[in-house]
Amino acid sequence: MRLLTIDAGADGHAGALLGTGDVLDLTATASGPITRRVPPSVRGILEGGEETLGLLRKIVATIEADDTEQERLRAAGALTPYAVTPLRAVVPDPALVLSTGMNYRTHLQEMRKVAPPQLPYAFIKVRETLTGHGHPIVLPRRFPDMVDWEGELTVVIGRTCHDVPEDEAMAYVAGYTLANDVSARDWAGEFYAATGKVDVLQGWGRAINGKLFPTFLPCGPVLTTADEIADPHDLRLTTTVNGTVMQSASTGEMIFSIARLVSYFSQWYRLRPGDMITTGTPAGAGYARDPQIFLRPGDVVTVGVEGIGELRNPVVAAGARGQVRA
C-alpha cells in the first residue's frame, strides 16, 4: 500500500495511491461507519497500527475492484489523478527526523576521502526543512551559490520503540519513502581545512547548519509499506538534475543496515510512528565534481527509488517570503 499526504486544508489530508493511478482522499471519503475509523493524517494511520492499516487495505481493495464506486468518488472530488494532485511531505508532522550521514563509502571517498565511520552518525533535520513532491526548493537569500543535492532512501517508523535490539528493529519499520537532503556547501571547505579540535567542531557545526534551511528536505511522494518492499537493501537509487543522472547506486552499498540504524539511534531516542530516518547518500554530489555543479533557479531535481516512485522538486530563488508549506 502507498500512503501520501494531499496538500489540502490546514493540515493536509491523508490519502492512498491506488493501483489505478488515482489518489484516494481519505478525509473526503470519511462519511461511512468504516471510513470514519481511518485517521485524517498519515501519522495517525501509523499510530493506529496494523488494525488501522488492515482496515485501510480493505477499503482500498474494495474501491479498486468497484468501477461504479470509483466514478462516484471522482464525481465527489475524492478520487483524483496522481499527476494533478498536490502533495505535501509524506509525513508533514513527524516528531523527529534523523538524517544519517557518512553511510556510503563512495560518497565518503568523493568528499576528500573521508574514512568510513566505526559507528552510525546522524543529525536532526528540523520540521521547517520539510516540503513535498512538486514544491520548490528555495535557495537561501544569503547563501544561494553552493546548494547541493543528496538523494536518500528514508525509513518511516511504524511503532514506538526505544533501545531495541538489532534483530528486532525491522519490526518497527512501517515503510519507506524518499528524501533529498539538500545542503548549502558554503562551509564544507572550512570544515575540511580545519586542523584544531575547536576549528573542526565549529566547521562541522556550520556545515550541518547549511542543511537546515526551509525547504531543504523534500520528502515523498509516497510511503510504500514495508510488506511491498522485499529487500530495502536491494533497490536502485538515482538522482537526476534536469534529466542528467548525478547519482546511481544500490542501497546495498550502505555501510550500516537499516536495522542497525534503527537499533543504534533508538538507544537515545524514543522513536514514534511517523518519525523518519534518512539512510545516507551515495557518490555523485555536486560539490565533489570537477568542475563543481550546484543548483540554480529553474533546475529540477528528481530522486527515484524503484517501488517507491520519484520525488521531483523545482529550484527557485528566494522570493519576498522565501518559504513554502510542508
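Author: Of the 326 residues of the protein, 52% are buried, buried being under 20% relative accessible area, with a 1.4 Å probe and protein chains only. The model is predicted, so local features need pLDDT of at least 70 and side-chain atom pairs count only at pLDDT 80 or more, while totals for chains, interfaces and linings use all residues. Residues are numbered from 1 along each chain as its sequence is written, and side-chain values use heavy atoms, without hydrogens and water.

The largest nonpolar core holds 38 residues; such a core is a set of buried Ala, Val, Leu, Ile, Met, Phe, Trp, Tyr and Cys residues joined through side-chain atoms within 4.5 Å. Leu153, Tyr176, Ile258, Val262, Leu271 and Ile308 have the most contacts inside this core. At least two of its residues come from each of β1 (2–6), β10 (151–157), β11 (173–180), α7 (258–265) and β17 (300–305), where helices (H or I, at least four residues) and strands (E, at least two) are DSSP runs numbered from the N terminus. The largest share, 6 residues, is supplied by α7.

Beyond its neighbours within four places in sequence, Ile258 is in contact (heavy atoms within 4.5 Å) with Leu153, Val155, Met170, Val173, Tyr176, Pro232, His233 and Thr279. A second, separate core has 32 residues, among them Val38, Ile63, Val156 and Met276.

Among contacts between residues at least 6 apart in sequence, 78% join residues at least 24 apart.

Terms used:
Buried < 20%, exposed > 50% of the residue type's maximum accessible area, 1.4 Å probe, protein only.
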